[in-house]
Amino acid sequence: MKSAFGNAYCIALYRHSLNPNPSILHFVPFISSICSLPSGVSRSLPSCFPPRVSLCSTSMAGGDSYSPLTSPPLEMQFEKFRVQLEDSGTLRERIRTVVMEIESSTRLMQASLLLVHQSIPIPQVLEKANTQINVLKDLYSKLAEVVRECPGQYYRYHGDWRSETQMVASLLAFMHWLESGNLLVHTEAEESLDVLNDSDFALDLEDYLVGICFMSNEMPRYVVNQVTAGDYDCPRKVLKFLTDLHAAFRMLNLRNDFLRKKFDSMKYDLRKVEEVYYDVKIRGLATTGDSVGDQGTQKI
């Protein structure tokens, strides 16, 4: 009986090796036969049954116990990173709060300067726009105080106020030209924002140059509206100014970046002003004087 049981079990294991995923119903007769053996017959498993393997072993190869995923020095390093990132995020939020106020003040100044394209006296337009300069001074002072909290990190956060500062430089340059007919130089722009003598915060040079290019984009519209209003000498003055400005920009070795693209747009502004001046000139409406058209404009 015992040998027959062993043979039957070995046959079952052999069938299981041929079909590793048999239905459990195949083993029902075999299990029931084991349970129905007489009490005097030994129910010990035959020698062909594999030894029992413990699945609850708590030791690994070599006797090493389970260790955490991160070591204490690594955890301390990433904890330091977490604190730095949180501090940086908090600082950026404070910068963006001030930048939003700068953008709001810039929109008010821009809205005031749009009146220059209408038949409104320039002093009246500038008086309304100048009220925002003191506001911008206070806002840039707040921005400088925030940046001073992270010495040497000016250009790390510079992108958060770059576009707004470029627009501010453009408006300041346009206002200065309307008032004096000359270009607002870099130091004068810094003085207007009260950052001239600040060693930790300054008006970036590229931001200033991009702002000057933005101002140039406004000139053709201004010339057309002034001629429509009867100021036939305006194209001559604007053409001379843009010609000198374009010649000065050509002294710079600009890379193929955003500033270079904005400088390339300046020649189209100059060409539009030339066309307006030409129309005024051939109609005999231009006044005599130091005319760029008489001397020959620069070919682009």
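Guide: On the α8 side, the residues in contact (heavy atoms within 4.5 Å) are E206, L209, V210, C213, F214, S216, N217, P220, V223, V224 and V227. They meet F258, L259, K262, F263, S265, M266, D269, K272, V273, V276 and V280 of α10. By class, this contact of α8 with α10 has 15 nonpolar, 3 polar and 4 charged residues; Ala, Val, Leu, Ile, Met, Phe, Trp, Tyr, Cys and Pro count as nonpolar, Asp, Glu, Lys and Arg as charged, and the others, Gly among them, as polar.

The model is predicted: local features need pLDDT of at least 70 and side-chain atom pairs pLDDT 80 or more, whereas totals for chains, interfaces and linings use all residues. Residues are numbered from 1 along each chain as its sequence is written, and side-chain values use heavy atoms, with hydrogens and water left out.

Helix α8 spans residues 205-228 and helix α10 residues 258-282; helices are DSSP runs of H or I with at least four residues, and strands are E runs of at least two, numbered from the N terminus. The two helices pack at an angle of about 20 degrees, their axes 9 Å apart. The axes are lines fitted to C-alpha atoms over the stretch in contact, and angles run from 0 to 180 degrees between N-to-C directions. α8 is therefore roughly parallel to α10, a term for angles under 35 degrees. Their crossing is left-handed, meaning that the near helix is turned anticlockwise from the far one by less than a right angle.

Within α8 lies S216, which is buried with a relative accessible area of 0%; buried means under 20% relative accessible area, with a 1.4 Å probe and protein chains only. Not counting residues up to four places away in sequence, S216 touches L242, M266 and D269.

Beyond this pair, the largest nonpolar core has 63 residues, a core being a set of buried Ala, Val, Leu, Ile, Met, Phe, Trp, Tyr and Cys residues joined through side-chain atoms within 4.5 Å. Both α8 and α10 are among the helices that each supply at least two residues of this core, and its largest share, 11 residues, comes from α4. W161 is one of the residues with the most contacts inside the core. Leaving aside neighbours within four places in sequence, W161 is in contact with I95, V99, L143, V147, Y154 and F201.

Overall, the protein has 11 helices and 0 strands, and 34% of its 300 residues count as buried.

Key: Parallel < 35°, antiparallel > 145°, perpendicular 65-115°, else oblique. Buried < 20%, exposed > 50% of the residue type's maximum accessible area, 1.4 Å probe, protein only.
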